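Hi,

Here's the structure I promised to pass on. Have a look when you get a minute; my notes are just below it.

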2 protein chains.
Amino acid sequence: MTGRLYGVGVGPGDPELITLKAKKILEKSKNIAVPKSYQEKESVAFSIAKNFLIDKYNLMEFVFPMTHDSKELLKSWGKAADDIALKLDEGEDVTFITLGDPSVYSTYMYIHRQLVERGYDVEIIPGVTSFCASAAQAGISLAENRETIAIIPSSYQCDNFDTILDSFDNIVMMKVAKNLSYINEKLLEKGLLNNAVLVSKCGMEDQMVERNVKKLEKQNLSYFTTLIIKRNGEK
Amino acid sequence: MTGRLYGVGVGPGDPELITLKAKKILEKSKNIAVPKSYQEKESVAFSIAKNFLIDKYNLMEFVFPMTHDSKELLKSWGKAADDIALKLDEGEDVTFITLGDPSVYSTYMYIHRQLVERGYDVEIIPGVTSFCASAAQAGISLAENRETIAIIPSSYQCDNFDTILDSFDNIVMMKVAKNLSYINEKLLEKGLLNNAVLVSKCGMEDQMVERNVKKLEKQNLSYFTTLIIKRNGEK
């Protein structure tokens, strides 16, 4: 019998924000698949997961390039899927970990689809997202009542940013570090500069929650920085 | 010293999808505040939380009316805040539980703000949302790469539904049970009827995941029903 691939969300950063189910799976995992970028010394997801791992596990590190080149990306995902399939064929389970939740901007889903197509048994374990944890740390809601939420990955240019700022009650901008000046300009134009909260490295030791987003423009912000804009204010 | 109010997300339904932190707080909670609607026999959030509670706890049930009448709502939230404040004044902590995550369409935030205003110590513990759990059960992503997500509470009429369907890559419609016929009509008009997945009672015993959303129109769907629309298909 072939093994099962688990796609496990380890939560937003604080190891206590992992689910009981994720913990249980990690505690019995022999094979841990960890996505990494070139830049990272140690994967943040792995630094959470290792609190729960058995003594002797097989670490499968996959370096995925931080590129928008789809050919290069497909190649690296295919390679990871091949390696994981080999383990599954040996009858062993593989646990692929991901920061936050596997369904929200994670590399896991590419691997997941490839292995589903090849007929393997898979299971996704959802996790707490960084934007929910950021809202909790800032003491604000992401939406109430009839309000809407837009979630935008801000490391890309967003075509309809203006329309979204005009029409959504709450806007979550993920990974804003590089584009904060541009975003702030837009917020100023829309009269929303005082309606934003920035949360950086949520739940980690050097977390920052800041409502004066203007003054952060020139700072070297972490990749893990989320901006929450509340069009109707914080109430 | 006054006590602390904890706003705890207990996750989407499966008791194993609660976080370690939420479990730890529940295990030492003497006072459990539970929001309830008139219709509910037992709160779903409470049915999860009670797996972790001590033998003798003080149950504080608050019946919040299922109404859009803001006067009536304010009155019931104020009453709940008063009751909780009394306990906090006695130096006891109070744990207010909420299904999913406290920042996403939960009653908790109204109570939270009232108690922050009165100067009490508060802490929010984020949880796994129903939409992340629904995506996991359906085996799909909520967003990848440069994709955007819109989240709409569908028990209300959404003013710019057309624009959202035209411009967002992924659309999460929460609590669609009552408006599924109307939504399906719109999806048909936009050529999106085959791009939707409906998840009802996610993670509960009688969970349903259905891609043929048209056939569900005449069914009596649970209040806990989420529709995920993927404009670019499931890939």
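B:Ala33 sits opposite B:Met60, which belongs to S3(B). Keep in mind that this is a predicted model. The strand running alongside S3(B) here is S2 (residues 31–36) of chain B, and the two pair in the parallel sense over 6 bridges.

Zooming out, that pair is part of an open sheet of 5 strands in chain B, ordered S3-S2-S4-S1-S5, with parallel pairing. Its edges are strand S3 (58–63) and strand S5 (121–125) of chain B, each with pairing on one side only. On average, neighbouring strands are turned by 20° against each other, ignoring direction. Packed on this sheet is helix H4 (residues 108–117) of chain B, which touches strand S1 (4–9), strand S4 (94–98) and S5 of that chain. The direction of H4 makes about 155° with that of S5(B).

Next, helix H1 (residues 20–27) of chain B. Which of its residues are buried? They are B:Leu20, B:Lys21, B:Ala22, B:Ile25 and B:Leu26. The cover over them includes S1, S2, helix H2 (44–49), S4 and S5 of chain B, along with helix H1 (20–27) of chain A.

Finally, the nonpolar core. The largest one has 44 residues, and the members touching the most others are A:Leu227 and B:Leu227. Leaving aside residues up to four places away in sequence, A:Leu227 has contacts that include A:Ile171, A:Val172, A:Met173, A:Val176 and A:Leu180. Also among them are A:Ile183, A:Leu187, A:Ala196, A:Val197, A:Leu198 and A:Val213.

Cheers

Key:
Residues numbered from 1 in each chain as written. Chains lettered and ligands numbered in written order. Predicted model: local features only at pLDDT ≥ 70, side-chain atom pairs only at ≥ 80, totals over all residues. Heavy atoms only, no water. Pairing = 2+ DSSP bridges. Helix = DSSP H or I, 4+ residues; strand = E, 2+ residues; numbered from the N terminus. Axes fitted to C-alpha atoms, helices over the stretch in contact; angles between N-to-C directions. Contact = heavy atoms within 4.5 Å. Core = buried A, V, L, I, M, F, W, Y, C linked by side-chain atoms within 4.5 Å. Buried < 20%, exposed > 50% of the residue type's maximum accessible area, 1.4 Å probe, protein only.
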